[in-house]
Amino acid sequence: MSFTVEERGNPNSLSYRLFFKNAEEKYISPFHDIPIYADESKNLFHMVVEVPRWTNAKMEIATKDPLNPIKQDVKKGKLRYVANVFPHKGYIWNYGAIPQTWEDPAHKDGDTGCCGDNDPIDVCEIGSKVCSRGEVITVKVLGILAMIDEGETDWKVIAINVEDPEANNLNNIGDVQRLKPGYLESTVDWFRRYKVPDGKPENRFAFNDEFKDKDFAIEVIKSTHNFWKALLSQKNNAGELSCKNTCVSASDSPYCCSVDEAKAVVGEVSKICSALTCPCGKEEAIPSSVDTWFYYEKK
């Protein structure tokens with residue numbers, strides 16, 4: 001199963017969008033139309049890469065926009081970049097999401113005591129390759145971290161690209177601890193402190209800051225897949241989420257989107273971005289402040 005991406009608007013600007021197409025060159029939603037499983041019998045999952053390792057732009061699947069393109073998060077009208085909190089430079093893994101999952105904000109998790117964050121479940125891919133934004137890869141799940149972000153459950157799946165040279169040696173969270181010493185501790189440190197430069201408090205974690213193993217992680221992923229299925233079948237309230245899709249809804253579903261409707265969605269973005277003749281415009285400069293290091297004493 002193959003997928004491609006198509007840029008619209010100007011990179012590093014408010015107009016930028018990354019739309020997805022399937023092998024038939026039809027526009028799709030990366031949230032809803034890309035299958036969760038790459039191989040269900042082996043518990044291998046698809047991962048949509050939102051942020052390549054070492055970069056700072058906070059790119060994410062736009063869950064409230066039609067067809068859910070990847071775009072950069074915005075705060076107070078400005079594009080968001082994560083700070084370099086010493087010693088970390090940007091994101092320290094390929095960061096993304098597992099499609100067809102949803103952390104239900106109406107469901108209080110029994111382990112964390114907090115409700116979901118209303119997003120697909122997040123993935124930190126720890127292989128050696130720096131992936132590309134919008135790349136869809138197959139990952140092996142190794143474990144999971146239960147972060148509490150401003151009172152919401154925000155699971156962080158630890159996984160590795162099955163094509164990585166080390167993939168065969170990494171089969172559970174203990175293997176990561178043994179073969180990549182310090183990486184898991186750095187992961188907790190990164191998530192704990194990355195919002196502090198924005199004036200936010202440090203994030204907390206369930207299970208005494210410890211990672212749970214592969215089996216636990218897979219069960220969490222499956223539960224978020226069930227929440228997503230309830231969302232698409234209208235058993236759960238979608239709120240502001242866009243559930244428009246081209247592949248998974250029945251034709252009588254209000255979420256079902258025809259090929260022509262999908263093209264129209266992308267066309268409207270092109271008009272707004274004044275990019276009718278060139279789908280992807282000139283790249284804008286990244287602010288020099290993005291390279292600043294932020295230092296503060298750990299608590």
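Tutor: Let us begin with the salt bridge, defined as a side-chain nitrogen of Lys or Arg within 4 Å of a carboxyl oxygen of Asp or Glu. This is a predicted model, in which local features need pLDDT of at least 70 and side-chain atom pairs count only at pLDDT 80 or more, while totals for chains, interfaces and linings use all residues. Residues are numbered from 1 along each chain as its sequence is written, and side-chain values use heavy atoms, with hydrogens and water left out.

Student: What makes aspartate 122 and lysine 156 a salt bridge?

Tutor: The closest N and O atoms of aspartate 122 and lysine 156 are 2.7 Å apart, and the limit is 4 Å, so the pair qualifies. Aspartate 122 belongs to strand β13 (residues 122–125) and lysine 156 to strand β15, 34 residues apart, so that the pair links distant parts of the chain. Strands here are DSSP runs (E, at least two residues), as helices are (H or I, at least four), numbered from the N terminus. Both aspartate 122 and lysine 156 are buried.

Student: Which class does each partner in the salt bridge of lysine 26 and glutamate 24 fall into?

Tutor: Lysine 26 has 35% relative accessibility and so is partly exposed, whereas glutamate 24 has 56% and so is exposed. Their side chains meet at 3.5 Å, N to O. The whole structure holds 19 salt bridges.

Student: What makes a set of residues a nonpolar core?

Tutor: The members must be buried Ala, Val, Leu, Ile, Met, Phe, Trp, Tyr or Cys residues, joined through side-chain atoms within 4.5 Å. The largest such core has 50 residues, and Trp93, Ile126, Trp190 and Phe191 have the most contacts inside it. Helix α2 (residues 183–193) gives the largest share of this core, 5 residues. Apart from it lies another core, of 22 residues, including Ile36, Met47, Val141 and Ile218.

Student: How do you know that the span of helix α3 is close to the expected one?

Tutor: The expected span is 1.5 Å times one less than the number of residues. Helix α3 (residues 214–232) has 19 residues and reaches 27 Å from its first C-alpha to its last, close to the 27 Å expected. Its buried residues, among them Ile218, Phe227 and Trp228, pack against β5 (44–51), β14 (136–149), β15 (152–161) and β17 (212–213).

Student: Why is phenylalanine 86 called partly exposed?

Tutor: Its relative accessible area is 43%, and so phenylalanine 86 is partly exposed. Phenylalanine 86 lies in the loop between β10 (84–85) and β11 (94–97).

Student: Which residues touch glutamine 234, and what does contact mean?

Tutor: Contact means heavy atoms within 4.5 Å. Not counting residues up to four places away in sequence, glutamine 234 touches Ser253, Pro254 and Tyr255. Glutamine 234 lies in the loop between α3 and α4 (259–272), and its 46% relative accessible area is why glutamine 234 is partly exposed.

Terms used. Buried < 20%, exposed > 50% of the residue type's maximum accessible area, 1.4 Å probe, protein only.
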